[in-house]
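Trainee: I am new to this structure. Please take me through one part of it closely, the sheet and what surrounds it.

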Amino acid sequence: MRRTNSRTPAEFLEFGNRQVSVPKTETRAERVTQPPESSRAVLAIVLFGSPGSGKGTQAKLLSASLSIPQISTGDMLRAHVRQGNAVGTAVESKLKAGILVKDDVVNSLVAERLGQPDTARGFILDGYPRTVAQAETLCGLLKSRGTQELVIHLVVDYNVIIARLTGRRQCPVCGTLYNLNSRAPKVPGVCDLEGAPLMVREDDRESVIRERLDAYQRQTCPILDYFRQKGEQIHDVDASHDQPEAVFRKIVGLIRER
Ligand SMILES: [Zn+2]
């Protein structure tokens with residue numbers, strides 16, 4: 001097992017036969033001189049994360065540092081809606097209503113996307129698979145192209161997330177966001193700028209947040225079980241207490257240790 005130490009100003013990992021640097025906060029990325037290990041398989045990073053886990057942020061950090069695409073099925077579907085094509089027209093009402101788009105539609109979008117050359121060195125899946133049927137299709141796709149998967153689950157302590165989100169207050173006049181835990185207004189309950197009474201946003205109410213977290217749990221557990229039954233290791237990463245950079249470094253550690 002390779003362990004990092006504090007000698008280097010940046011962390012490095014081999015990725016798809018190429019060595020990339022992962023800059024630490026406040027440090028400059030530098031290249032190391034060891035030859036890259038050519039035996040590294042192309043990797044599909046499958047990222048799961050509950051509401052409030054910062055999954056999108058992590059996907060972007062990984063994409064930038066590894067120079068591999070972030071494949072978000074949500075973004076792809078919304079792009080089709082903007083283009084007004086056949087797929088977009090078919091899924092628009094479902095997206096608006098928050099209903100899951102049919103497996104075969106999403107699966108064929110992903111299959112097509114994975115056929116593009118920028119995925120040759122690896123990719124990050126964000127928001128896919130969302131059902132067990134999608135997970136089965138994904139495993140078939142990865143197997144046929146000889147891509148290894150690394151399943152990462154960003155886990156949050158629900159109480160921490162609820163405290164964080166329910167502490168949010170917003171000024172209805174100027175839109176300034178406050179947080180009772182970290183950025184409280186100078187005078188409790190009113191905006192610093194013009195003194196308007198602060199409001200709790202509808203989607204920040206505790207019952208709404210609990211419902212979103214429960215829905216996530218109901219949807220995701222069977223998919224994680226599917227991967228486990230296949231003998232796949234699920235890497236749980238605690239994302240409730242650390243800053244995004246620290247969470248990112250934990251994920252980089254997992255990629256390195258695989
Ligand atoms: Zn205000």
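Mentor: Of the 258 residues in the chain, 27% are buried. The model is predicted. Its secondary structure comes to 8 helices and 9 strands. Take the contacts between residues at least 6 apart in sequence: 64% of them join residues at least 24 apart.

Now the sheet. It is open, has 5 strands and runs in the order β4-β5-β3-β6-β9, with parallel pairing. β4 and β9 (234-238) are the edge strands, and each pairs on one side only. On average, neighbouring strands of this sheet are turned by 25° against each other, direction ignored.

Look next at β3 and its partner β6 (residues 148-155). These two strands pair in the parallel sense over 7 bridges. Within this pairing, Gly49 stands opposite Leu154 in β6. A helix covers part of this region too. Helix α7 (residues 206-229) packs on the sheet and touches β3, β6 and β9. The direction of α7 makes about 135° with that of β9.

Stay with Gly49, which has its place in strand β3. Is Gly49 buried or exposed? Count the other C-beta atoms within 10 Å: there are 24. The cut-off for a buried residue is 20 or more. Gly49 is therefore buried. Leave aside its neighbours within four places in sequence, and Gly49 is in contact with Gly54, Lys55, Leu154 and Ala239. Thr220 is 171 residues from Gly49 along the chain, yet their C-alpha atoms are separated by 9.0 Å.

In soluble globular proteins, nonpolar side chains tend to be buried together. Here the largest nonpolar core has 37 residues. Strand β3 (residues 43-49) gives the most to this core, with 6 residues. Ile45, Leu47, Ile124, Leu125, Ile152 and Ile251 have the most contacts inside the core. Beyond its neighbours within four places in sequence, Leu47 is in contact with Lys55, Gln58, Ala59, Ile124, Leu125, Asp126 and Ile152.

Two loops deserve a stop. Most residues other than glycine have a negative phi, and most peptide bonds are trans. Ser67 has a positive phi of about 55°, although it is not a glycine. Ser67 lies in the loop between α1 (55-66) and β4 (70-72). With 13 other C-beta atoms within 10 Å, Ser67 is partly exposed. The other loop runs between β5 (122-126) and α5 (132-145), and Pro129 is found there. A cis peptide bond joins Tyr128 to Pro129, with omega about 0°.

Last, a pair of helices. Two packed helices are described by the angle between their axes and the distance between the axes. Helix α2 (residues 73-83) and helix α3 (residues 86-97) pack at about 115°, with their axes 8 Å apart. The crossing in which α2 passes α3 is left-handed. On the α2 side, the residues are Leu77, Arg78, His80, Val81 and Gln83. They meet Val87, Gly88, Val91, Glu92 and Leu95 in α3. By class, this contact has 5 nonpolar, 3 polar and 2 charged residues.

Notes:
Residues numbered from 1 in each chain as written. Predicted model: local features only at pLDDT ≥ 70, side-chain atom pairs only at ≥ 80, totals over all residues. Axes fitted to C-alpha atoms, helices over the stretch in contact; angles between N-to-C directions. Helix = DSSP H or I, 4+ residues; strand = E, 2+ residues; numbered from the N terminus. Left-handed = near helix turned anticlockwise from the far one by under 90°. Contact = placed C-beta atoms within 7 Å. Nonpolar A, V, L, I, M, F, W, Y, C, P; charged D, E, K, R; others polar. Core = buried A, V, L, I, M, F, W, Y, C linked by C-beta atoms within 7 Å. Buried ≥ 20, exposed ≤ 12 C-beta atoms within 10 Å, placed from the backbone. Pairing = 2+ DSSP bridges.
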